Amino acid sequence: MAMKDILNADEIKKALDAFKAAESFNHMKFFEMIGLKAKSAEDVKKVFKVLDVDNSGFIEEEELKFVLKGFASDGRDLTDKETKAFLEAADRDGDGKIGVDEFEALVHE
């Protein structure tokens with residue numbers, strides 16, 4: 001499944017443009033701008049599966065760094081600081097990775 005099957009491509013582009021500068025990424029604003037916050041838990045879990053590149057059932061720190069590329073191929077890499085902040089916000093159980101339920105909870109926070 002492609003991201004454009006779940007979310008609007010124009011909204012994704014606008015959100016990626018809004019966070020083009022390094023250190024500007026805000027996951028809550030991003031989720032809202034792309035319309036993910038308004039989606040059902042089921043759709044959020046579909047997005048998670050697209051972002052879980054290695055199909056491990058988790059988004060690990062290395063995958064998280066490239067998370068914007070999961071929304072569009074021209075998305076930038078997150079900086080180390082942005083990656084760690086995103087991981088810290090989502091990793092509720094402290095295992096160093098984001099599970100599907102943690103991701104869904106973060107999106108609908």
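A search of the whole structure finds 9 aromatic pairs. Rings of Phe, Tyr and Trp (its six-membered ring) pair if their centres lie within 6.5 Å; planes under 30 degrees apart count as stacked, over 60 as edge-to-face and the rest as tilted. The rings of Phe19 and Phe25 have centres 5.8 Å apart and planes at 70°, so this pair is edge-to-face. Phe19 is buried, at 6% relative accessible area. Phe25 counts as buried too, at 13%. Here buried means under 20% relative accessible area, exposed over 50%, and partly exposed in between (1.4 Å probe, protein chains only).

A word on the source. This is a predicted model, in which local features need pLDDT of at least 70 and side-chain atom pairs count only at pLDDT 80 or more, while totals for chains, interfaces and linings use all residues. Residues are numbered from 1 along each chain as its sequence is written, and side-chain values use heavy atoms, with hydrogens and water left out.

Back to the rings. Phe48 and Phe103 form a tilted aromatic pair, with 5.8 Å from centre to centre and 55° between the planes. Phe48 lies in helix α3 and Phe103 in helix α7, so the pair ties together parts that are 55 residues apart in sequence. Both Phe48 and Phe103 are buried. Helices (H or I, at least four residues) and strands (E, at least two) are DSSP runs, numbered from the N terminus. One aromatic cluster takes in Phe19, Phe25, Phe30, Phe31, Phe48, Phe71, Phe86 and Phe103.

A ring can also meet a charge. The charged end of Lys97 sits over the ring of Phe58, 4.2 Å from the ring centre. The rule for this asks that NZ of Lys or CZ of Arg be within 6 Å of the ring centre and within 35 degrees of the ring normal.

Now follow Phe48 into its helix. Helix α3 spans residues 41–51, and its buried residues are Asp43, Val44, Val47, Phe48 and Leu51. Seen down the axis of α3, these buried residues fall within an arc of 150°, so they line one face of the helix. The arc is that of the directions from the helix axis to the C-beta atoms. The face turned away from the buried side of α3 carries the exposed residues Glu42 and Lys49. What do the buried residues of α3 pack against? Their partners are β1 (58–60), α4 (61–65), α5 (67–71), β2 (97–99) and α7 (100–107). Contact means heavy atoms within 4.5 Å.

Helix α1 (residues 9–18) comes next. Its buried residues are Ile12, Ala15 and Leu16. Down the axis of α1, they fall within an arc of 100°, so they line one face of the helix. On the other side of α1, Asp10 and Lys14 are exposed. The buried residues of α1 pack against α2 (27–33) and α5. At the start of α1, a side-chain oxygen of Asn8 reaches to within 2.8 Å of the backbone nitrogen of Asp10.

Charged pairs come next. The whole structure holds 10 salt bridges. A salt bridge is a side-chain nitrogen of Lys or Arg within 4 Å of a carboxyl oxygen of Asp or Glu. Lys46 forms one with Asp43, the closest N and O atoms being 3.6 Å apart. Lys46 and Asp43 are 3 residues apart in helix α3, so about one helical turn separates them. Lys46 is partly exposed, at 30% relative accessibility. Lys45 bridges to Asp101, with the closest N and O atoms 3.4 Å apart. Lys45 lies in α3 and Asp101 in α7, so this pair ties together parts 56 residues apart in sequence.

Which residue forms a salt bridge with Arg92? Its partner is Glu109, and the closest N and O atoms are 2.6 Å apart. Arg92 is in the loop between α6 (80–90) and β2, and Glu109 is in the segment after α7, 17 residues apart. Arg92 is partly exposed at 46% relative accessibility, whereas Glu109 is exposed at 53%.

Last stop: Glu82, in helix α6. Is Glu82 buried or exposed? It counts as buried, at 5% relative accessibility. The side chain of Glu82 reaches the backbone nitrogen of Phe25 at 2.9 Å. The Glu82 side chain also makes a polar contact with the side chain of Arg76, at 2.7 Å. A polar contact is a pair of N or O atoms within 3.5 Å; within protein, one must be able to donate a hydrogen and the other to accept it, and residues adjacent in sequence count only if both atoms are side-chain atoms.
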